[in-house]
Amino acid sequence: MESFALHSLSITTTSSFSLLSRSSLFHLSSPKPILKSPPSIFPSPALRSLSNPLLFTPLSKSHSRNSSPHFTLHSSPNDTPSTVPPTRAPPPPPPQGAKILPLIISISIGLIVRFVVPKPVEVSHQGWQLLSIFVSTIAGLVLSPLPVGAWAFLGLTTSIVTKTLTFSTAFSAFTSEVIWLIVISFFFARGFVKTGLGDRIATYFVKWLGKSTLGLSYGLTFSEALIAPAMPSTTARAGGVFLPIIKSLSLSAGSKPGDSSSRKLGSYLAQSQFQSSGNSSALFLTAAAQNLLCLKLAEELGVIISSPWVSWFKAASLPAIVCLLATPLVLYNLYPPEIKDTPEAPAIAAKKLKSMGPVTRSEWIMVGTMLLAVSLWVGGDALGIPSVVAAMIGLSILLLLGVLNWDDCLSETSAWDTLAWFAVLVGMAGQLTNLGVVNWMSDCVAKSLQSFSFSWPTAFGVLQASYFIIHYMFASQTAHVGALYSAFLAMHLAAGVPGVLAALALAYNTSLFGALTHYSSGQAAVYYGAGYVDLPDVFKMGFIMAVINALIWGVVGTIWWKFLGLY
């Protein structure tokens, strides 16, 4: 889902052009930076809007009609043809419908599974047919013959038309509490951006810690970790809060995207924030949408985690915090900025805070609502309040008090898109489990592991590494979870790995591989699209930091989880 949250950011960035007035705090005369476009699987309009170099405040007041000069073309008898600009041919319309080659490949993969690969005797005809539709759907999510929601709808329709699933069964996941919690999390993220609360919190950390480049990076990292549990979208945090601040600070230091000056400051800050975001998402259950989906799929396989918010945080706290402390320092040495000291950053932040004025009524409401929601997420089990109900209460407060309006919710297209395709994937994955397909796959893998005489710790390491490396083939964390989480968790269980340990470790892994490539997640597209980091550096630093994260989580996490009694 994170990779498709970019649609929601366009309202943030397009409104920020009001900062281009002469009174702007960061008024610059430099040309517009070059924006490097990531692969076409990401929505380009939102990324193009992120190229505005002056986005320090993610949501500013709209223009008045007199806020900028108007240039009117007048005709007169003395006009000559030379004074009239030549007429340019309109650009060709964008292609309509499905992309032919990805469409053929995606459908062919499903047909091959259905009609060419022999059906195992342990799997029913219905289960094998559903597996072929599921595999074709996943292939389409990777190859993108259509937008993800449209392709998922086609998969859902196919499962009904072929009588593989009944209508009620196919749509059963649309009532899932976890999916609606994810949808509401998008609205919370919009509230943070709309009120400017996330920007204000991050700016305070810049003011307090920003005297050096390393301190500046730590300030941004800590501020993201602080707001992450109440802003459950890594992409929204990246595009709506942190990238605008990074770009403004970098440009004020003469570090421009797309040229050699990017290494002065911007490349390091963008890379550090990008690599730290995975651990911020892994630290809290509600810091990223895919976390919630992981626990939902684990529950379907019989792995129940009591007090999920608290249990998640306890198990993640030590390794995630160690990684958050290590990442800026490691990158400071491996990918050093040319500018080591930023004495002007606190002053810039102070001026920005002054221009923002006192904390607004909407910001205070947002603070109170998020404290209430997080408190209910932490202690909701004792009170009998499910997590989704806590989120519904919070959203109701924001709507009643006018922080958000219903148009804000309706225009959050990524939330409704996620509801559609997420529910399809979750529903298919659940039915594959019910039909015994997942158990058959896990038994096959378990027998293979037993043939090598692997103990469960060895099997745990092999399966975790495989789950991580496979993400090079995916352009979405949630698509990866929907496709493979259940199968890999079942393999862990068949190999004798303790259930809670396996479920949590796979879920933490899901957050960490979001910084692996420039297409691995929504935040990856945001940071790479800013133009500060070259593509080879994205892959190089992504791999290096993946190894470092694996070592920290493998060593620190293993000791910590033993202490907590997870195995």
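Trainee: Are D408 and R190 buried or exposed?

Mentor: In this predicted model, both D408 and R190 are buried. R190 has a relative accessible area of 9%, and for D408 the value is 9%.

Trainee: What do the side chains of D408 and R190 form where they meet?

Mentor: Side chains of opposite charge can pair when their charged atoms come close. Here D408 and R190 meet in a salt bridge, at 4.0 Å from N to O. D408 belongs to helix α17 (residues 406–411) and R190 to helix α7, so the pair ties together parts that are 218 residues apart in sequence.

Trainee: With which other residue does R190 form a salt bridge?

Mentor: R190 also pairs with E412, where the closest N and O atoms are 2.4 Å apart. E412 lies in the loop between α17 and α18 (413–434) and R190 in helix α7, so this pair ties together parts that are 222 residues apart in sequence. E412 is buried, at 2% relative accessibility.

Trainee: Which residue forms a salt bridge with D408 at 2.6 Å?

Mentor: That residue is K194, with 2.6 Å between the closest N and O atoms. The pair links distant parts of the chain, since D408 is in helix α17 and K194 in helix α7, 214 residues apart. K194 is partly exposed, with a relative accessible area of 30%.

How values were computed: Residues numbered from 1 in each chain as written. Predicted model: local features only at pLDDT ≥ 70, side-chain atom pairs only at ≥ 80, totals over all residues. Heavy atoms only, no water. Helix = DSSP H or I, 4+ residues; strand = E, 2+ residues; numbered from the N terminus. Buried < 20%, exposed > 50% of the residue type's maximum accessible area, 1.4 Å probe, protein only.
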